[in-house]
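Subject: Handover of a structure

Dear colleague,

Please find below the sequence and structure that I am handing over to you. My findings follow directly after them.

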Amino acid sequence: MNSWDAGLAGLLVGTIGVSLLSNGLVLLCLLHSADIRRQAPALFTLNLTCGNLLCTVVNMPLTLAGVVAQRQPAGDRLCRLAAFLDTFLAANSMLSMAALSIDRWVAVVFPLSYRAKMRLRDAAFMVAYTWLHALTFPATALALSWLGFHQLYASCTLCSRRPEERLRFAVFTSAFHALSFLLSFIVLCFTYLKVLKVARFHCKRIDVITMQTLVLLVDIHPR
């Protein structure tokens, strides 16, 4: 193992430790606070946290073993299962963050009707959709035998070893990244730009009110 692989292995170990600590703390907060659990964002946070923990416990150790050993770290069945989880959890995490951003957008832009627009039932429906959306791609890849050990990434993930399927595999991976990562990025940008617009509008109102108050105080101050 060269210095690059050793550094990558150390980075993975550090990432595993930080991920276990941070996501474990979030899970503890959710378990110990009934008030948080009654709110709709708790479902999105729980979905994201459990997915991150599962990825940390299953996928990251296998990737670490692949980096250290420079070969497939497990049997074919276990590697395909890890690749299935890796694809599903990556898409699910991105879609969960997009769902959280939609929730924050509704809370900021429609504060008076937020509870009516974002109920626990609505949040559960959005989480169910993220699961269904995220499961579509690994299920398709499993049916087409596009899951396995990728030598370049040293991990069990999407891969195709048949040259005649390169074009189909490229189209599939492009669709996967566009409908998971790019779509989530667009949603995040749209929602938080709307939140920023509302925040700036309220800041301007606060500045106007502050200036009017100062002028009034100057007018009534005894000379």
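I begin with Cys 79, which is buried, with a relative accessible area of 1%; buried means under 20% relative accessible area, exposed over 50%, and partly exposed in between (1.4 Å probe, protein chains only). Please note that this is a predicted model, in which local features need pLDDT of at least 70 and side-chain atom pairs count only at pLDDT 80 or more, while totals for chains, interfaces and linings use all residues. Residues are numbered from 1 along each chain as its sequence is written, and side-chain values use heavy atoms, with hydrogens and water left out.

Disulfide and other cysteines

A search of the whole structure finds one disulfide, defined as a pair of cysteine sulfur atoms within 2.5 Å. Cys 79 is joined in this way to Cys 156, with an S to S distance of 2.0 Å. The pair links distant parts of the chain, 77 residues apart: Cys 79 lies in helix H4 (residues 76-109) and Cys 156 in strand S2 (residues 155-158). Helices (H or I, at least four residues) and strands (E, at least two) are DSSP runs, numbered from the N terminus. Cys 156 is also buried, at 6% relative accessibility. The link of Cys 79 and Cys 156 is left-handed, with -110 degrees about the S-S bond.

Nonpolar cores

A nonpolar core is a set of buried Ala, Val, Leu, Ile, Met, Phe, Trp, Tyr and Cys residues joined through side-chain atoms within 4.5 Å. The largest has 23 residues, and Ala 141, Leu 147, Cys 156, Leu 158 and Phe 172 have the most contacts inside it. H4 gives the largest share of this core, nine residues. Ala 141 is in contact (heavy atoms within 4.5 Å) with Trp 146, Leu 147, Leu 158 and Phe 172, leaving aside neighbours within four places in sequence.

A second, separate core has 10 residues, including Ala 40, Val 106, Tyr 114 and Ala 123. Val 106 is found in helix H4 and counts as buried at 8% relative accessibility. Not counting residues up to four places away in sequence, Val 106 touches Pro 111, Tyr 114, Lys 117 and Met 118.

Yours sincerely
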